[in-house]
Amino acid sequence: MDGLADEWVRHQEYAVATRVGGAPSTRLTSAWRLAWDTRALYLFADVTDPVVTQTHPLRPWLIGSGDSIGLELGRYTTNVRTDRLGSRDVRILIGPSESGATLRARATPDGAEFGRGTTWTTGAAVVRRTRSGYAVEAAIPWEALNVVSPKAGLRLSANLLLADAVPTGADRGSLRTLMSHNPQRVGAGIRSRFAWGVLTLGS
């Protein structure tokens, strides 16, 4: 894990560019690449965000209000509830601190919301600052994602997220814009749970 894209160039790129919450932004973009083996789900995300703002380094459950990426994963089903999260849904957050550290958080469902969660310490994650923002590279163990026996063809509900914080003023550090990978998604709450999308593990 070094935050460099060298070994990712042959992997398909996914844009996280649909605004699902907050104010419009023309400067905020990210491109993701995903891979997997029996040990972990791997990701690389290249984020364009000129001003890195993160005011919650000691409160991991609030990382997603600052500049960060998020991965929400759950059991795939065609009968998706929109009043509560699934029991195996999980949210992983990774982002840069303003001092250059890598911040990580993991949360599980609490009814219709994700709970406060805590830092996840297994696997690996690194955030590297770039001229245009930051890059994230991570290996997330399947057990941290509540996935048992991953195999080719397995389908999971998935949501890729990009958060941008207010950089100045009285609201500095609060969420300004939230983006998703799914162009059909219209909101960030539980009522849009059906629009997470499908992640299929390739061979």
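**Pockets, salt bridges and a few residues**

Modeller: The largest pocket has a volume of about 520 Å³. A pocket here is an open set of points on a 1 Å grid over the protein atoms alone, where a 1.4 Å probe fits, with protein on both sides within 12 Å along at least five of seven lines. Points are joined across faces, edges and corners, and the volume is the space filled by probe spheres set on them.

Colleague: Which residues are closest to the centre of the largest pocket?

Modeller: Glu 72, Arg 91, Phe 114, Leu 161 and Leu 178, out of 32 lining residues. Lining means having an atom within 4 Å of a point. The elements giving two or more residues to that lining are strands S5 (68-75), S6 (90-96), S7 (102-107), S9 (113-114), S12 (155-165) and S13 (175-180). Strands are DSSP runs of E, at least two residues, numbered from the N terminus.

Colleague: And how many nonpolar, polar and charged residues are in the lining of the largest pocket?

Modeller: There are 18 nonpolar, seven polar and seven charged. Nonpolar covers Ala, Val, Leu, Ile, Met, Phe, Trp, Tyr, Cys and Pro, charged is Asp, Glu, Lys and Arg, and the others, Gly among them, are polar.

Colleague: Before we go on, what kind of model is this?

Modeller: A predicted one, where local features need pLDDT of at least 70 and side-chain atom pairs count only at pLDDT 80 or more, while totals for chains, interfaces and linings use all residues. Residues are numbered from 1 along each chain as its sequence is written, and side-chain values use heavy atoms, with hydrogens and water left out.

Colleague: OK. What is the volume of the second largest pocket?

Modeller: About 230 Å³. Its lining includes His 11, Gln 12, Tyr 14, Leu 34, Trp 36 and Leu 199. S3 and strand S14 (198-200) each give two or more residues to that lining, and the largest share, three residues, comes from S3. The lining splits into seven nonpolar, five polar and no charged residues.

Colleague: What is Ser 30 in contact with?

Modeller: Skipping neighbours within four places in sequence, Ser 30 is in contact with Tyr 14, Ala 15, Val 16, Asp 46, Val 47 and Leu 162. Contact means heavy atoms within 4.5 Å. The Ser 30 side chain also has a polar contact of 3.2 Å with the side chain of Trp 32. For a polar contact, the N or O atoms must be within 3.5 Å; within protein one must be able to donate a hydrogen and the other to accept it, and residues adjacent in sequence count only if both atoms are side-chain atoms.

Colleague: New topic. How many salt bridges does the structure hold?

Modeller: Nine. A salt bridge is a side-chain nitrogen of Lys or Arg within 4 Å of a carboxyl oxygen of Asp or Glu.

Colleague: Which residue forms a salt bridge with Asp 164?

Modeller: Arg 176, with the closest N and O atoms 2.9 Å apart. Asp 164 lies in S12 and Arg 176 in S13, so the pair ties together parts twelve residues apart in sequence. Asp 164 is buried at 0% relative accessible area, whereas Arg 176 is partly exposed at 27%. Salt bridges that share partners join Arg 27, Asp 49, Asp 164 and Arg 176 into one network.

Colleague: And where do Glu 98 and Arg 172 sit?

Modeller: Glu 98 is in the loop between S6 and S7 and Arg 172 in the loop between S12 and S13, 74 residues apart. Their side chains meet in a salt bridge at 2.6 Å, N to O. Glu 98 is partly exposed at 38%, and Arg 172 is partly exposed at 37%.

Notes:
Helices (H or I, at least four residues) and strands (E, at least two) are DSSP runs, numbered from the N terminus. Buried means under 20% relative accessible area, exposed over 50%, partly exposed in between (1.4 Å probe, protein chains only).
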